[in-house]
Amino acid sequence: MTQRISKYQRFKMMNPILQFFKFIYLSIKIMIVVAGGHGGTRKVD
Amino acid sequence: MSKIVVLGAGISGHVAASHLRRKLSKEHEVVVVSPNSNYQWIPSNIWVGIGRMKSKQVLFPLAPLYKKKGITYKQAKAVTFHPEGDAIESKPYVLSEYVFGDKKGTTEKITYDYLINATGPKLAFEATEGLIPGENKVYSVCTYGHAEHAWEGLNAVIQKLKSGEKAKILIGTGHGKATCQGAAFEYILNVEQELRRHGVRDNAEITWISNEYHLGDFGMDGMLMSYNGMTMKSSEMIEMIFEDRDIKWILGAGVNKIEDGIAHYENLDGEFKTETYDFAMLIPAFSGHGFKAYDKNDNDITDKLFKGFMIVDADYSSKPYEEWTVQDWPETYQNPSYKNIFAPGIAFAPPHAISKPRQSKNGTVISPAPPRTGMPSGITAKLVADNIIDSIKSGKESLHHKGSLGNMGAACIASAGYGMTQGSGVSITTYPIVPDYKKYPKTQGRQLGKTFGEIGLAGHWLKLALHYAFIYKAKMRPFWWLIPE
Ligand SMILES: Cc1cc2nc3c(=O)[nH]c(=O)nc-3n(C[C@H](O)[C@H](O)[C@H](O)COP(=O)(O)OP(=O)(O)OC[C@H]3O[C@@H](n4cnc5c(N)ncnc54)[C@H](O)[C@@H]3O)c2cc1C
């Protein structure tokens, strides 16, 4: 096994308080990508 | 008055039917024809497959919901398509066979004004010899039934490991042209975490086997993404996760035969190899359902409707990878020969793959077919429903709503382990789904800010939140339509 994720990184990944804020951040970011809309590609208005 | 028939009650069929019913007055009839009695939230089957969720948490019966909402429901499967009717029936229809109840085994000509084919993929286990869920120690998580069965198999291995025995676990794709690598990726990480939770991880060797050329290809030609303030390739990110979790990998592998505990595969060098295992979960090839179509004189017109999956407004002319463009991908999912037929979700025939096609030295195709995940399946179903609604309301064809996979983002929250405090998820968003190499030439066809990855506990919470939100939405509870696809 190769430890590719450092202890500090893992702490950040699994800390519930930090991750709570990450959860809010990710929810908003995902909404932006998803609700950013969609459309065609063939005709540029 | 119009009659809209929706074939299939999976993600796309159910989304289309629910929007049609909400936005059309009761004089218009919405009919769902599907062989499954339950709606299932497929993404959570991963958790059923590790014993952390029960099937009943990922499904609900369709008949009571459809009755309450005024959607006609026929538990039947489409057999043949007759878009011009026939000598007796002047209206277009789909010949369907009931699979349940008093009418079981009988057929009906279900006529329509508009038809939405949302029949998704056929799970083509038979394309790989010996790949039968629950036999030869190989399992699937593609349906809740399969996932329950997989948990039984995995649990037996966990008990064996607890008694001090060693075991080999193999997870990935079970065919050279398989897709849905993301689901297998989630499952391998969940299995790995469960083994740790049960304190038996050290006794197990876990291997990823896939038809991808690079790790993290996911049938999407890989991604360049923002991660932790850096720009990283998806291959690097997945390699980091696999190494950190001590998961080995075999790439460019076209599994072609399964025997009890032995997977036979060919690699891109044309070598024929085997990998042994005590428990395997391999995603089968996805194919069309093999539907036939006939004109009013009963002549076979299957090639006007199907090319494996259903033909839509894509550019199907064959061209080399270097000439593929986002413009090849469909925008309205309308069949060009019969304008009142649409195919959203997985049911439409893609113009070509997304990943670079590769063959072994023996000429065997070993590269992923293009994935169509839940979000685009829902979005394309909604836009098809909206175009039909507009056409009905305006009395003329309206195709204002468009959604090419080359101009649409997708979020993929891959579960990497279950648990409110110990869980993890790999949250990836990508924009666009099909890379646009002309628009984003320097970032592998994608917009960097909108193509990003995150690893951590928040990903698990997100995945769980999506589970509850989408089941709430599918049950058409108050204000369900406010939840985006
Ligand atoms: C294990 C697993 C995990 C996944 N995880 C994710 C995830 O985390 N995120 C994500 O975005 N996507 C995920 N996906 C992909 C997602 O499930 C699919 O994109 C989605 O289900 C496709 O929707 P669909 O409606 O096109 O097809 P399906 O959901 O397969 O629905 C097809 C419907 O057609 C019906 N049908 C079949 N034959 C007939 C017939 N002859 N006549 C009438 N009806 C018929 C079926 O019974 C079914 O109701 C996952 C897939 C799997 C297998």
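**Exercise 1. A tryptophan between two chains**

Task: Decide whether Trp461(B) is buried or exposed, and describe how its ring pairs with Phe23(A).

Solution. 
Step 1. Trp461(B) has a relative accessibility of 17%. Buried means under 20%, so Trp461(B) counts as buried. The model behind this value is predicted.
Step 2. A pair of aromatic rings is described by the distance of the centres and the angle of the planes.
Step 3. Over all chains, the count of aromatic pairs comes to 18. For Phe23(A) and Trp461(B), the ring centres are 6.3 Å apart and the planes stand at 75°. Planes over 60 degrees apart count as edge-to-face, so this pair is edge-to-face.
Step 4. Now place the two partners. Phe23(A) sits in helix H2 (residues 16-35) of chain A. Trp461(B) sits in helix H9 (residues 457-474) of chain B. The pair therefore crosses between chains.

**Exercise 2. A pair across the sequence**

Task: Classify the ring pair of Trp41(B) and Phe470(B), and state where each residue lies.

Solution. 
Step 1. The centres of the two rings are 4.9 Å apart, with planes at 20°. Planes under 30 degrees apart count as stacked, so the pair is stacked.
Step 2. Trp41(B) belongs to the loop between strand S3 (38-40) and helix H2 (45-48) of chain B. Phe470(B) belongs to helix H9 of chain B. They are 429 residues apart, and the pair links distant parts of the chain.
Step 3. Check the burial. Trp41(B) has 9% relative accessibility and counts as buried. Phe470(B), at 16%, counts as buried too.
Step 4. Phe185(B), Trp208(B), Phe218(B), Phe242(B) and Trp249(B) form one.

**Exercise 3. The ligand and its shell**

Task: Find how many residues surround the ligand, and which elements give two or more residues to the shell.

Solution. 
Step 1. The ligand is surrounded by 32 residues. The closest are Ser12(B), Ala78(B), Arg372(B), Gly374(B) and Lys463(B).
Step 2. Sort the shell by type. It holds 16 nonpolar, 12 polar and four charged residues.
Step 3. A backbone atom of Arg372(B) lies 2.6 Å from one. For a backbone atom of Ala9(B), the distance is 3.1 Å. For a side-chain atom of Ser34(B), it is 3.3 Å.
Step 4. On its own, the ligand has 1000 Å² of accessible area, and the protein covers 88% of that.
Step 5. The elements giving two or more residues are helix H1 (11-23), strand S6 (76-82), helix H5 (181-197) and helix H8 (374-394) of chain B. H8(B) gives the largest share, three residues.

Definitions and conventions:
Residues numbered from 1 in each chain as written. Chains lettered and ligands numbered in written order. Predicted model: local features only at pLDDT ≥ 70, side-chain atom pairs only at ≥ 80, totals over all residues. Heavy atoms only, no water. Near = heavy atom within 4 Å. Polar contact = N/O pair within 3.5 Å; in protein donor to acceptor, adjacent residues only side chain to side chain. Areas by Shrake-Rupley, 256 points an atom, 1.4 Å probe, with all protein chains shown as cover. Helix = DSSP H or I, 4+ residues; strand = E, 2+ residues; numbered from the N terminus. Nonpolar A, V, L, I, M, F, W, Y, C, P; charged D, E, K, R; others polar. Phe/Tyr/Trp six-rings, centres within 6.5 Å; stacked < 30°, edge-to-face > 60°. Buried < 20%, exposed > 50% of the residue type's maximum accessible area, 1.4 Å probe, protein only.
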